[in-house]
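Dear colleague,

I am handing over the structure below, and after it you will find a summary of what was found in it. Please keep it open beside this message while you read.

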Amino acid sequence: MVEPIPNINLALLVPALPLLGFLITGLGYKRFKNNQAGIIASTSIGLSFLVSVFLFFVLRNSGQDAATVTLFNWIAVGNMNIPFAFLIDHLSLTMMLIITGVGSLIHIYSIGYMHGDNRINSFFAQMNLFTFSMLLLVMGANYLVLFIGWEGVGLCSYLLIGFWFKNPSFNYAARKAFIINRIGDLGFILGIILLFFSFNSVSFSEVFAQASTMQIGTPVITAITLLLLVGAVGKSAQIPLFTWLPDAMAGPTPVSALIHAATMVTAGIYMIARSSILYNLAPITLNVIIVIGLSTAILAAIIGLKQNDIKKVLAYSTVSQLGYMFLALGLGAYSTAVFHVTTHAFFKALLFLGAGSIIHAMGGEQDIRKMGGLRKKMPVTYWTFLAGTLAISGIPPFSGFFSKDMILVKAFEHNIIIYILALAGALLTCFYMFRLLYLVFFREQRLAGAHPHESPKVMTIPLIILGILSVFGGFLNIPSLFGGDLSFSNFLQKNVFSKVSEEISHSTEIGLIILSLSLLSLIIWLAYRTFIRKAVVPAADGVSMTPIARLVTNKFYIDEIYTTVFEKPFGSFSNFLFKKVETNILNPIVDGVGEATSVLGMLTRRLQRGNMSFYFFAMVAGILLFIIFILTI
Amino acid sequence: MSALIFTIVLGIIVLYLGFLKKKAILAPVAIAGLLIALFLSLKDWGLGSRYFHDMILFDNFSIAFNISMIIVTILIFLFGIDYYRMMGLHVAEQYALMIFALTGAFLMTSYSNLIILFLGIEILSIPLYVLAGGKKASFRSNEASFKYFMLGSFATAIFLFGIALVYGASATFYLPEIKIYIAQFNGHLPPMVMVGLLFILIGVAFKVAAAPFHFWSPDVYEGSPTIVTAFMATVVKTAGFAAFFRLLGMGLLPLPAPLEKALWVMTGLTLLVGNLGALKQTNFKRLLAYSAIAHSGFIMLAMLSQHSSSAKVLLYYTFVYSLATVPLFIIFILVKRASDWQEELVNFRGLFKEKSWIAVCMTILLMSLAGIPPSSGFMAKYQVFVLSISQGNLLISIFAILMAVIGIYYYFFVIREVFTESKQLNPIVVTRLNGALIIVCSLAVLLLGVFVWNLPI
């Protein structure tokens, strides 16, 4: 038995504070005025962040790698014994710091962004509930607690996408996100059930201890990992379940930043990294992950080239970046994947908040064809957005460079074709991001009548902080090539069991970096030539296009294909069940049972007519029948 | 024993207070006396004292049931303060008769001899025949009294006949000896003993209104003065089941197979008649009468599932059932007064608008009777089902659960009326005491369900 770490029980505060914030803002949603709810919500997340930082040092000073904090014994039925417990280790701490750190910045930003919305109190209540669920997800010490958080974030995501529920298409988007996630959740829960049947436990420590003695390629492990993967694919918006994420942009922009960029969508990556021991035993699943991740990364990047809605561009870029994280997972480089989660949380939250700032300034306009020339009018937004763009494009020394470069190097080691494809995707990313940057901030303003202005400080300060993190976040994990010691990966290595070493030969690495850098410069120049020199503005909707351009603009018709192949047949099948089976078969049966009972009731009531001689008769008959009964039986 | 003697004296005191025309102090004296009886009962806890050559045994089982019945009687007397203020004749006699009936109930929980059981049943019943006719001017009340008396005497005759047959065979009234006598036949009893035992069981089954010996109860419940109906539905039923359980536990277990089967048939019939009969009732008192029959069926299920915890379940069930039933009768009276003495279910319409807190309490109480969590009625039913399933009585348990589902319909029918909008004829007047009673009972019904699942016997 290891020594209990002093103060580790403070970990309970980390989810408790957002929960408290949710209860206060949720129950008092009618009472709070102006920014009160926002301040309460931000404070709760901020305090939670401070506790997480404190826990980080507590764990580091204790010399232990992990600690379990049990809240209560949750389910004890038969041989199933599941405590409600939290696991505090390096992986969960990393996620906690991201969630509460980036989360509190986004909460503060929302005070400005959501100012004046008449449901602002509900907004903050739901954001706090989301943060609470997300913390449960990453802190749970077993798959079941993780699953509560998993479902909780799904619910909050649904609520917040449909936050402006008076718009039917936003409601549709919310439903779509929820239903597609359910498909993933089904696989996930089946995976957990299979896990329980195989290991007789769902707790991480017990499952992993048993799994570490198993053979590589055990079929049941392959099945479990594939089922869990279905859940991760849904939550992290990978092929084929990615179509909900672009539509999820219907929610307020801070929601997109927090849920659909920085935290919730990375839950799938967290879960797989957490289960690294299981995935290492299933090479088939890892190959599936590589295929899914790589194809998602490229497909989403291609679609991103032709999007004209600023948030849609960022949404596809998120899908694409999540694809890179999956690629890293599939290559067995779990720490690298989590590192990319971290840097992505910084720069993508920054980009979304920057987009929010722009939308705010443009009075709700999201079409980049109508923007332009915002560089001078919104300097803070411009500079931070530029930092985010450079980071996501992988320009050194910005944070995205380190994480993406590590993924590319891993791909190179694994297979040169994967490397080439991944690099191509990175180049596409760079192109559509600079396309976005140039169209929004350069040349002249194209929308007449708008008077863009810089956003208030409550919005720009989070932007600046995230900008700094996007620039320097990569220094957490400097490879030895640049004299670093991969401190982030080593930090995680205690709890996440990467299959491949995080090191490669320096000469190869230099070669790869030079190659990608020169290609990136070429791409940036190409984008510059197209959108600044030639001042190309993407064509308006409805103008005739080449077939390929039309295919890309319409997102490869994937939504339409899903509608035709799944939604319509399913819809007509449920219509059949409703109109034929239920109306004609089930309803008469159910009604019949009720009717029959009623009739029996009437008959029983008739027996009692107040006639005493009948009562005597019935009693005597009863007595006689009982006598015959007991004497003959 | 001291509680029993004291209660008899209390009855006489209350009766004589009537001659002094001190109507106002009747209820306080009766209640204070019952509190003393409660205290005296508590003092006997764990002693297991025997009296009259072992004819009476005050073990923990009987003391627990006695206490439960004293508490319920106190609740009914508290209700009586307001009830008898409105309808005035012969109040002292009515209190005294209920106290005498209570002493009969004490005997029914503590006998170990069939003669004492007979005495107890008669001491309980004869005051009730009078009480049922308590409204002298009311035709229905007189009818109830007459029917109860006729059918009751018939049942008594059967019961006494049964005792005689058993005595004729075994030459004893003492239950433990009867048990030894039965055991020697190894399940194959001679017809005389078998029929004798059946008659004894039928006599007790009549008291708890088990089908097909339930016919008296809807008519008597409806016709009797409401406070008497409340007394019959709670105290009398509890006493009947305590007697029934003691009869089985002390004398007849393990039951000979034919008798056990007969009792199972009775249980099934009771569940069926109670729930189906309640389904289409329009009169609230009749509805509660059928509901009482239905509850008898559930309690019999617990009783026949022989297990060491059966007694606990029985006590819990009868107590929380009484706790929910008494305030329902209080609410019924309040509504009846406000709607020109109508007793129909439709008179509950508009209750929520008129007095929303009463409507909420009533919902809790009805939900407890229906067995909806987290009320204690749910815990009671749950325990019954767990008990009977664990004893392997799967089919009858499924049947009982189905019947409980039917039960939900008619309880919620009343709840629906309560929340239907309509104007009450007159405003509902609630005295502070009645209001407190309703609220305290409703809270107890909720809290017992959440916190107390295990009563000490």
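This is a predicted model: local features need pLDDT of at least 70, side-chain atom pairs count only at pLDDT 80 or more; totals for chains, interfaces and linings use all residues.

Helices and strands here are DSSP runs numbered from the N terminus, a helix needing at least four residues and a strand at least two.

H53(B), in the loop between β1 (49-51) and β2 (56-58) of chain B, has a positive phi near 55°, and it is exposed, with 8 other C-beta atoms within 10 Å. D340(B) has a positive phi of about 55° although it is not a glycine; this residue is found in the loop between α13 (310-338) and α14 (351-354) of chain B, and because it has 9 C-beta neighbours inside 10 Å, where 12 or fewer make a residue exposed, it counts as exposed.

Turning to chain A as a whole, its secondary structure comes to 25 helices and two strands, and its C-alpha atoms fill a box of roughly 110 × 65 × 50 Å along the principal axes. Of its 633 residues, 51% count as buried, and among its contacts with a separation of 6 or more, 81% are between residues 24 or more positions apart. The domain assignment gives domain 1 (306-541) and domain 2 (556-632) of chain A, and the centres of these two domains, taken over C-alpha atoms, are separated by 62 Å.

The largest nonpolar core has 200 residues, and those with the most contacts inside it include A273(A), L327(A), A337(A) and V440(A). Helix α19 (residues 416-441) of chain A gives the largest share of this core, 17 residues. A second, separate core of 181 residues includes F626(A) together with A105(B), A230(B) and V445(B).

Where the chains meet, the contact takes 22 residues from chain A and 26 residues from chain B. On the side of chain A that touches chain B, the elements giving two or more residues are α24 (558-607) and α25 (612-632), and the largest share, 12 residues, comes from α25(A). The residues on this side of chain A divide into 14 nonpolar, seven polar and one charged.

Within chain B, helix α3 (residues 60-86) has 27 residues and reaches 39 Å from its first C-alpha to its last, close to the 39 Å expected at 1.5 Å a residue, although α3(B) bends by about 35° at G80(B). Since 20 of its 27 residues are buried, α3(B) is largely enclosed by the rest of the structure. F100(B), which lies in helix α4 (residues 91-110) of chain B, counts as buried because it has 24 C-beta neighbours inside 10 Å. Leaving aside neighbours within four places in sequence, F100(B) is in contact with G11(B), I123(B) and P127(B).

With best regards

Technical notes. Residues are numbered from 1 along each chain as its sequence is written. Chains are lettered from A and ligands numbered from 1 in the order in which they are written. A nonpolar core is a set of buried Ala, Val, Leu, Ile, Met, Phe, Trp, Tyr and Cys residues joined through C-beta atoms within 7 Å. Two residues are in contact if their C-beta atoms, placed from the backbone, lie within 7 Å. Ala, Val, Leu, Ile, Met, Phe, Trp, Tyr, Cys and Pro count as nonpolar, Asp, Glu, Lys and Arg as charged, and the others, Gly among them, as polar. Domain bounds come from an automatic or database domain assignment. The expected span of a helix is 1.5 Å times one less than its number of residues. The bend at a residue is the angle between axes fitted to the seven residues ending there and the seven starting there.
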